[in-house]
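I am opening a notebook on a structure that is new to me. I will look things up piece by piece and write down what I find.

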Amino acid sequence: MGAPSTLQFLKLGNPHDPAEDALMTRIAICAPGTPITRDCARDVAALAEREFPGLDLAFHEQCFVEEGHFAGSDEVRLAALLDCANDPSVDAVWLAKGGYGTNRIAADAVARLGPAARDKLFLGYSDGGYLLAALYRAGVGRPVHGPMAVDIRRANGEGAVRRALSFIAGGREGLEPSLDARPAVAFNLMTLAMLVGTDLMPNLTGHMVMVEEVGEYLYAVDRLFFHLMPHLRGIAGLRLGRVSQVPENDRPFGATAEEIARHWCARAGIPFLGSADIGHDADNRIVPFGLAGTAPLP
């Protein structure tokens with residue numbers, strides 16, 4: 001189940017009134033991939049303190065651990081995730097940052113989740129998609145694609161963090177506008193392409209699948225679609241988010257990201273449904289997995 005939680009829900013300023021504490025929505029933040037800085041955490045906590053008095057944030061100390069590329073060893077990152085997910089006082093687990101690493105612990109994490117994790121919200125994107133996929137496959141928690149704490153470092157990043165906190169607090173204004181009566185998921189394209197064929201991949205039959213990408217050559221985007229699309233036959237359709245920060249190759253690829261997506265959708269017999277307002281940027285919108293985006297929030 002993981003070690004007993006050492007999370008401390010301490011907002012900036014004066015200690016809480018016990019009566020108010022009982023009404024708080026508690027958010028535990030961990031970093032299953034790469035670390036964040038304490039300055040980043042302080043800025044996020046300060047924004048929450050100013051604008052979301054009903055939310056109480058706790059950054060797990062593991063968020064700041066550095067061990068090579070990762071925010072601690074696999075064991076350290078797994079233990080922190082279990083601390084957050086299995087703590088019955090926690091309402092939501094918010095991923096601090098992406099960066100490669102979540103896939104290394106996602107299966108072990110889901111296998112060791114206890115009853116307290118069953119209805120918990122899990123929010124993140126990018127590399128965090130490995131965990132969201134594993135949770136969705138197992139029917140555990142409420143996985144949601146959405147901004148992470150580190151996004152406060154982006155241009156206009158306070159808006160991204162505000163969108164995530166508002167959603168956790170019960171707001172719906174940050175939802176992806178194309179959500180409809182069909183179940184939906186959203187992933188980074190590379191993450192989803194790596195998921196297929198693994199024990200983390202959920203059944204996406206009948207789903208509206210949204211993908212976005214960052215920092216890849218267009219020929220690499222084409223290659224990812226080549227690998228991915230045969231595994232998505234049976235989905236309701238695909239929407240393309242932003243493909244950003246595309247490096248300049250030694251020669252033009254000759255097709256845009258949308259043209260690439262349309263090509264491989266046609267090859268696989270999958271409807272191309274248009275754009276989605278998701279991406280590695282401050283405008284990244286929220287996509288609850290399944291039908292959660294069309295149902296009233298609890």
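**Entry 1: the cores**

How many residues does the largest nonpolar core have, and which of them have the most contacts inside it? I looked this up with one caution in mind: the model is predicted. The largest nonpolar core has 57 residues. Those with the most contacts inside it are Val93, Leu192, Phe225, Met229, Leu232 and Leu238. I then noted a second, separate core of 39 residues. Among its members are Phe52, Leu121, Ile152 and Met210. Nonpolar side chains tend to be buried together in soluble globular proteins.

I picked leucine 232 and listed what it touches. Leaving out residues up to four places away in sequence, leucine 232 touches Leu192, Met201, Leu204, Val209, Leu238 and Ile270.

**Entry 2: the four-stranded sheet**

Next I traced a sheet. Four strands form an open sheet, and their order is E6-E7-E8-E9. The pairing is parallel. Strand E6 (184-188) and strand E9 (272-275) are the edge strands, each pairing on one side only. From one strand to the next, the twist averages 20 degrees.

I went through the pairs one at a time. E6 and E7 pair over five bridges, in the parallel sense. Valine 185 has valine 209 in E7 as its bridge partner. Between E6 and E7 the chain passes through helix H7 (residues 189-195), and this β-α-β crossover is right-handed.

E7 and E8 run parallel and are joined by six bridges. Here methionine 208 has glycine 237 in E8 as its bridge partner. E7, helix H8 (residues 218-228) and E8 also make a β-α-β unit, and this unit is right-handed.

Strand E8 (residues 237-244) runs parallel to E9, with three bridges joining them. Leucine 238 stands opposite phenylalanine 272 in E9. I also marked helix H9 (residues 257-268), which lies across E8 and E9. H9 runs at about 155 degrees to E8.

**Entry 3: strand E7**

Is strand E7 (residues 208-214) mostly covered or uncovered? I found it mostly covered: seven of its seven residues are buried. In a regular strand the side chains alternate between the two faces of the sheet. I checked each face of E7. Met208, Met210, Glu212 and Val214 are on one side, and Val209, Val211 and Glu213 are on the other. Both faces are covered, and these residues are all buried.

**Entry 4: the six-stranded sheet**

I turned to another sheet. Six strands form it, in the order E2-E1-E3-E4-E5-E10. This sheet is open, and its pairing is mixed. Strand E2 (55-59) and strand E10 (287-288) stand at the edges with a single partner strand each, so one side of each has no neighbour in the sheet.

Strand E1 (residues 25-30) and strand E3 (residues 92-95) run parallel, joined by four bridges. Isoleucine 27 stands opposite alanine 92 in E3. Helix H3 packs on the sheet and touches E1, E3 and strand E4 (121-124). The direction of H3 makes about 175 degrees with that of E1. Helix H2 lies across E2 and E3, at about 170 degrees to E2.

**Entry 5: salt bridges**

How many salt bridges are there? The count comes to 15. I looked at a few of them.

Arginine 42 forms a salt bridge with aspartate 39, and their closest N and O atoms are 2.3 Å apart. Both lie in helix H2 (residues 38-51), three residues apart, about one turn of the helix. Arginine 42 is partly exposed at 49% relative accessibility. Aspartate 39 is partly exposed too, at 44%.

Aspartate 43 forms a salt bridge with arginine 153, with the closest N and O atoms 2.9 Å apart. Aspartate 43 lies in helix H2 and arginine 153 in the loop between strand E5 (142-145) and helix H6 (157-168), so the pair ties together parts 110 residues apart in sequence. Aspartate 43 counts as partly exposed at 36%, and arginine 153 at 44%.

Arginine 77 and aspartate 74 meet in a salt bridge at 3.0 Å, N to O. Both lie in helix H3 (residues 74-85), three residues apart. Why does arginine 77 count as buried? Its relative accessible area is 0%, and buried means under 20%.

Last, I noted a network of salt bridges that links Arg50, Glu51, Glu158 and Arg162.

Technical notes
Residues numbered from 1 in each chain as written. Predicted model: local features only at pLDDT ≥ 70, side-chain atom pairs only at ≥ 80, totals over all residues. Heavy atoms only, no water. Pairing = 2+ DSSP bridges. Helix = DSSP H or I, 4+ residues; strand = E, 2+ residues; numbered from the N terminus. Axes fitted to C-alpha atoms, helices over the stretch in contact; angles between N-to-C directions. Contact = heavy atoms within 4.5 Å. Buried < 20%, exposed > 50% of the residue type's maximum accessible area, 1.4 Å probe, protein only. Right-handed = clockwise from strand over helix to strand, strands pointing away. Salt bridge = Lys/Arg side-chain N within 4 Å of Asp/Glu carboxyl O. Core = buried A, V, L, I, M, F, W, Y, C linked by side-chain atoms within 4.5 Å.
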